[in-house]
Amino acid sequence: MAVAGQTFGIVGALAAFPRRLATREVERQGGHLRRGVTRRTSHLVFGRGLLAKASEAQIEARFDTETSHGRFLLSENEFLRLLGLLRSPETSTLTRQALIDQSRLSPRTFDFLSLFDAFEHAAEPYSFRDLILARKYADLIASGAPWSAIARSVSGSRSVASLARLSLHHEGSDTIYVRGGEGLSELDGQLLFDLGTPDDVELEDLFAQAEAAEGDGLYDEAAALYHRCLAIDPTDPVAAFNRANCLKAGGRQLEAAHDYARALKLDPSFVEAWFNLAGLMGDRGRVDAARRHLQKAIELDGEYADAIFNLAKLEFDAGNLGEARRRWARYLELDSDSEWARTAARGVQLVDLQFIAKAGGRNA
């Protein structure tokens, strides 16, 4: 799995490695690392900090959404191994299915535990120690432990494989305990590397707060939080883009245009920024600018159906019927059964009728 040419996203704060160093290494290897998710995100890292910020149901919903979009989901350790920053454990021979069959963990639970580095290996082939861990985790689940409690308690261990020698217990709380000679004690995970700097932690918390405010429709508050993110890291195009969206939703169009432009200056390949800026230009009657921005979005992503549809409508309204028909026909290659597809089909039919009428008038 090569890094060059790929765009990586991260949800949740990284616990094992400072984000700024991961960003530097990804860029050095010819890839891109962005906060959150954009259309160009090919790989998504689930930071272990997500376990402290999101509920189990929220994490599962995010997992399902990203999987449905065909993205490669990575744990922190998988990400670091991909970058060459963490040594891979010794090769083994057990398959994922073998661990599931022999441990009786459900496939879904197994995948969530893997995503938060609760096993020695993040993907097959797995080791015999992984099988022992899977059986221990299955016993904890049977005793009522949520998978997220297991992940929080064990995934930060200096050596997860060493947990195979310990007796793990769940006592009705969200904490996993180790039974030793002096009774039960909490399992204190030692992280692989030093934690990030205070700026790293503050930035991740601010960004999460901004996303939550935006999701709740508190656009002014979210815009202010994204502004604070940009004060800490002025090179983050996603924060600029998200702030622009909030400003636009709050009716502050001029400021929104400035932040869309800022996002594009930081990342000229940011497809959604070209698309949203086109919409803003169209709303302000700047048709030529809207056309250029939509064309740029489609140039970067030839399967961006929304951009193709909007450009078709823009061309139709401008009287460029042949171009409108071409764009709508292309849209129908990407989407054939939605309400938008039915609108595009009607657009093609309307253009064809106008062409027929014109041809009939010439022949009369």
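Glycine 9 has arginine 34 as its bridge partner in β2. The model is predicted, so local features need pLDDT of at least 70 and side-chain atom pairs count only at pLDDT 80 or more, while totals for chains, interfaces and linings use all residues. Residues are numbered from 1 along each chain as its sequence is written, and side-chain values use heavy atoms, with hydrogens and water left out. Helices (H or I, at least four residues) and strands (E, at least two) are DSSP runs, numbered from the N terminus.

**Strand pairing**

- Two strands count as paired if DSSP finds at least two bridges between them.
- Strand β1 covers residues 7–11, and β2 covers residues 32–35.
- β1 and β2 run parallel, with four bridges.
- β1 also pairs with strand β3 (residues 43–46), again in the parallel sense and over four bridges.
- Glycine 9 of that pairing has leucine 44 as its bridge partner in β3.
- Isoleucine 10 stands opposite valine 45 in β3.
- β3 in turn pairs with strand β4 (residues 72–74), in the parallel sense over three bridges.
- Leucine 44 stands opposite leucine 73 in β4.

**Crossover**

- β1, helix α1 (residues 19–28) and β2 form a right-handed β-α-β unit.
- Right-handed here means that, with the strands pointing away from the viewer, the path from the first strand over the helix to the second runs clockwise.

**Burial of the strands**

- Buried means under 20% relative accessible area, exposed means over 50%, and partly exposed lies in between (1.4 Å probe, protein chains only).
- In β1, five of five residues are buried.
- Thr7, Gly9 and Val11 point one way from β1, and Phe8 and Ile10 point the other way.
- β3 is covered on both faces.
- His43 and Val45 lie on one side of β3, Leu44 and Phe46 on the other, and all are buried.

**The cavity**

- Which residues line the largest cavity? They are Thr7, His32, Arg34, Thr38, Arg40, Asp267, Ser269 and Phe270.
- A cavity is a set of points, on a 1 Å grid over the protein atoms alone, where a 1.4 Å probe fits but cannot get out; lining residues have an atom within 4 Å of a point.
- The whole structure holds one cavity of 30 Å³ or more.
- Grid points are joined across faces, edges and corners, and the volume is the space filled by probe spheres set on the points.
- By class, the lining has one nonpolar, four polar and three charged residues.
- Ala, Val, Leu, Ile, Met, Phe, Trp, Tyr, Cys and Pro count as nonpolar; Asp, Glu, Lys and Arg count as charged; the others, Gly among them, count as polar.

**Cysteines**

- How many disulfides are there? The count is zero, where a disulfide is a pair of cysteine sulfur atoms within 2.5 Å.
- Cysteine 229 is buried because its relative accessibility is 2%.
- Cysteine 246 is buried too, with a relative accessible area of 1%.

**Backbone geometry in the loops**

- Glutamate 124 and proline 125 are joined by a cis peptide bond, with omega about 5°.
- Proline 125 sits in the loop between α6 (107–115) and α7 (128–142).
- Aspartate 117 lies in the loop between α6 and α7.
- Its phi is near 60°, a positive value in a residue other than glycine.
- Is aspartate 117 buried or exposed? Aspartate 117 counts as buried because its relative accessibility is 2%.
- Arginine 104 has a phi near 70°, also positive in a residue other than glycine.
- Arginine 104 is placed in the loop between α5 (96–103) and α6.
- Arginine 104 is exposed, because its relative accessible area is 69%.

**Contacts across the sequence**

- Leucine 51 belongs to helix α2 (residues 50–53).
- At 5% relative accessibility, leucine 51 is buried.
- The C-alpha atoms of leucine 51 and alanine 149 are separated by 8.7 Å, although the two residues are 98 residues apart along the chain.
- Aspartate 335 lies in the loop between α16 (321–334) and α17 (339–363).
- A relative accessible area of 13% makes aspartate 335 buried.
- Aspartate 335 and alanine 305 are 30 residues apart in sequence and 7.6 Å apart in space, C-alpha to C-alpha.

Technical notes. 1 Å grid on protein atoms, 1.4 Å probe; cavity = no way out; pocket = protein on both sides within 12 Å on 5 of 7 lines; lining within 4 Å.
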